[in-house]
Structure formats: C-alpha cells, structure tokens
Amino acid sequence: MDKNITIKTEKLDDEDVKASTAEMKKPKSHRRKKLRRLAEETTQQTNNKHVSRCKRLLLFTALLTFTIALLMGHYYRQNNSNNQHILKEFLKTYRNQYTQIIHAKQNYCDQQQSLAQTELFERIKSYRIVNQDKTLQHIEMALRNESDLNAVALVGPVGVGKSLFMRAMIENFPWQENVRTYAWNTYARDEADKFHTLQKMIDQLSDCGQNLLVVEDLRPHDRDVVAWVNQRVQQSIANQQKRVIVFYVFSLNTMLPQPQFKESKMMVEILPDTNVIHFNAIGESELRDCIERELDLADLKLSSQHVDEIVATIDPFKSGCKNVIAKVLMFGITKTKDNL
C-alpha cells in the first residue's frame, strides 16, 4: 500500500517537474519570437525609411533635371540665332579661304564682283558675233544690275548669235562650278519632269560668288516658264543670300506667216522681272561676215565664186548663219603655203 502511494507520488512529482519545465521553456520561445518580430519590424522600418529617402532623392533629381532643361531651353531659344550665325560665319570664312587656295584668286566667293570688271565681255567679243554690237552693249548694261536676281531674256530668230553668245558666256563665266544649263526642248514625259529638273538646279545654287542659270530652246508660248523660274529663284535667295543671273533664250520661228511671226514676237516683249533684249536679224552682208568667220575658225578658204554660191543658197532671214558652217566645211579647202 505504502509502496503504491510512493510510486504515485513519484509519478506526480515527475509530471510536475515536466509541467514546470514546459512552463519554463514556453516563455523563452515566446521571447525569441517577440525578439524576432521586433527585429523584423525594425528592419522593415529601416527599409521603408531607405525607400522613402530614395524616392525623395529621385524626385529631387527629376525636378532638378527638369529645371535645368527648362533653363537650357530658354537659353538656347534666346541665343540660337546668334549661335547659328556664328557657325555660319565660321564655315563661310573657312570655305572662302579654301576656295582662294584652290582657285588662286583673292575674294573668290565675293558676290559683289562686277562681271564688267572681269573683262568678260572683251573675251565674248572675240567670238565675233555678227551684227550684234549694240545687243552686246545692252546685255552688258543689264548685267550691271546689282540685284540678287538678274534675269535676262534673249529673243531673236534662228542663227543670229544667241547660242554663240551663250557659249561664250558659259565658257568665260568666272565661277565655272556655278554654271547650270537646261534645254527646254529636251525630251521628257511631261512638263512636270522639266520643272522638276529645273527645281533641282535651283536647289543647287551656290552662295559662293555668282550663279549662271541658262534656260534655252524656249518658244514664245513657253513664256510662263520665266515667271515660274524667277519665283523659285527668289525663294532660294530668301532662304540663303545668293547672286543669280538667269538667261532665257527664246527662238522666233521665221517660217511662220508675217502676221503670226509678229504675234509670237509680241508674246515675249514684256516678261515679269526680266530684261528683254532682241537680237538683230541679219542680211546678205552679215551672211558674208559669217562665212568669213567660219572659214577662219576652220582654217579653210573659199573662192569668191563659192562664197557667192553659198550666199545664194541661204535665206539669212529664215536661218541666219545657222547653215553656214555646213556649207563651209563642204566647199572649203585647206590653206597651204602655196595658196595663202
């Protein structure tokens, strides 16, 4: 009996010890969890503060960048024209020095140089354009115009010297790289292609020196081309300072009946913003001068009989000197020491 009571008591004591031990262990685990939770909360708060600080820093950086962009935009908006002008002047000065070296000529890009001072017309006269002395004087006077656009229309029948003058002008123009020519009778699908080609030439006009644009093989019914080209050139000049000389070469059809011929001539009497200069028709005496000129150029000679025959077979009013060269080459003989 006593043994049983003792055993029970011992069992109860063991259970109390275990219970008390569990009770003692329970607060430690709770404390660990609490400490862990406090540590996590502290870390979270620290992270939140760091994220908040980063957000404020990013916001401040964004505001600062935006403010700087606004200030720079305002500055460049106020000074952009000055900066562009400085850059433009620098490039212009550099190019002027380069062209002076390449062409071995001072002030090569000077747009104010007068064509009359370059002895241009002295060289043109050496081409012996027949019966057009006064016409050349009128052209020289027209080119003294110091406007940025100087448009001149040459009007006359076939074979009176318009093409010869233009050849002399092109070959002796001081700024050879600025010469552009277009024959209006060039084959194209339609006139839109012709205007497109002319527009490309106008877009290529230079601000170094002066430009020469020649539109030839025009007929009186093509007179609207003049206004179109002049307008486009003026627009090009407005975008960038340039000096441009435009020659329009109109040929009159002398095969037309006289009333129609006069009517076609009247169509080109007045052209917008353009000096109209007429080339003189030639007669028999001028035709003989043409024959003599072609003989000298080809280094040939003709008997007086052959000269008379050529004159008799050419109508100077209808074809001028145009057919002379073919006749001279056909009948001319080479000069030798024996027949000089």
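This is a predicted model: local features need pLDDT of at least 70, side-chain atom pairs count only at pLDDT 80 or more; totals for chains, interfaces and linings use all residues.
**View 1. Strand S1 and its pairing partners S4 and S5.** S1 and S5 (residues 275–278) pair in the parallel sense, over four bridges. Within this pairing, Leu154 has Ile277 of S5 as its bridge partner. S1 also pairs with strand S4 (residues 243–252), again in the parallel sense, over nine bridges. Here Ala153 is bridged to Tyr248 of S4. Nine of the nine residues of S1 (residues 149–157) are buried, so the strand is largely enclosed by the rest of the structure.

**View 2. The largest nonpolar core.** This core holds 31 residues, and those with the most contacts inside it are Ile139, Leu143, Leu154, Phe165, Met169 and Phe247. At least two residues each come from helix H2 (120–125), helix H3 (133–142), S1, helix H4 (162–172), strand S3 (210–218) and S4. H4 gives the largest share, five residues. Leaving aside residues up to four places away in sequence, Met169 touches Leu115, Leu120, Ile124, Leu143, Leu212 and Phe247. A second, separate core has 27 residues, including Leu205, Val225, Val226 and Trp228.

**View 3. The disulfide of Cys109 and Cys208.** A search of the whole structure finds two disulfides. In the one shown here, the sulfur atoms of Cys109 and Cys208 are 1.9 Å apart. The torsion about their S-S bond is about -80 degrees, so this disulfide is left-handed. Cys109 lies in the loop between helix H1 (2–103) and H2, and Cys208 in the loop between helix H5 (191–203) and S3, so the pair ties together parts that are 99 residues apart in sequence. Cys109 is buried at a relative accessible area of 8%, and Cys208 is buried at 5%.

**View 4. The disulfide of Cys290 and Cys321.** The S to S distance between Cys290 and Cys321 is 1.7 Å. Their link is right-handed, with 50 degrees about the S-S bond. Cys290 belongs to helix H8 (residues 284–298) and Cys321 to the loop between H10 and helix H11 (324–331), so the pair ties together parts that are 31 residues apart in sequence. Both Cys290 and Cys321 are buried. Counting bonded cysteines along the chain, the disulfides of the protein follow the pattern 1-2, 3-4.

View 5. Pro316 touches Ile282, Gly283, Glu284 and Leu287, residues up to four places away in sequence not being counted. Gly159 is 157 residues from Pro316 along the chain, yet their C-alpha atoms are separated by 8.2 Å.

Key
Residues are numbered from 1 along each chain as its sequence is written. Side-chain values use heavy atoms; hydrogens and water are left out. Buried means under 20% relative accessible area, exposed over 50%, partly exposed in between (1.4 Å probe, protein chains only). Two strands pair if DSSP finds at least two bridges between them. A nonpolar core is a set of buried Ala, Val, Leu, Ile, Met, Phe, Trp, Tyr and Cys residues joined through side-chain atoms within 4.5 Å. Contact means heavy atoms within 4.5 Å. A disulfide is a pair of cysteine sulfur atoms within 2.5 Å.
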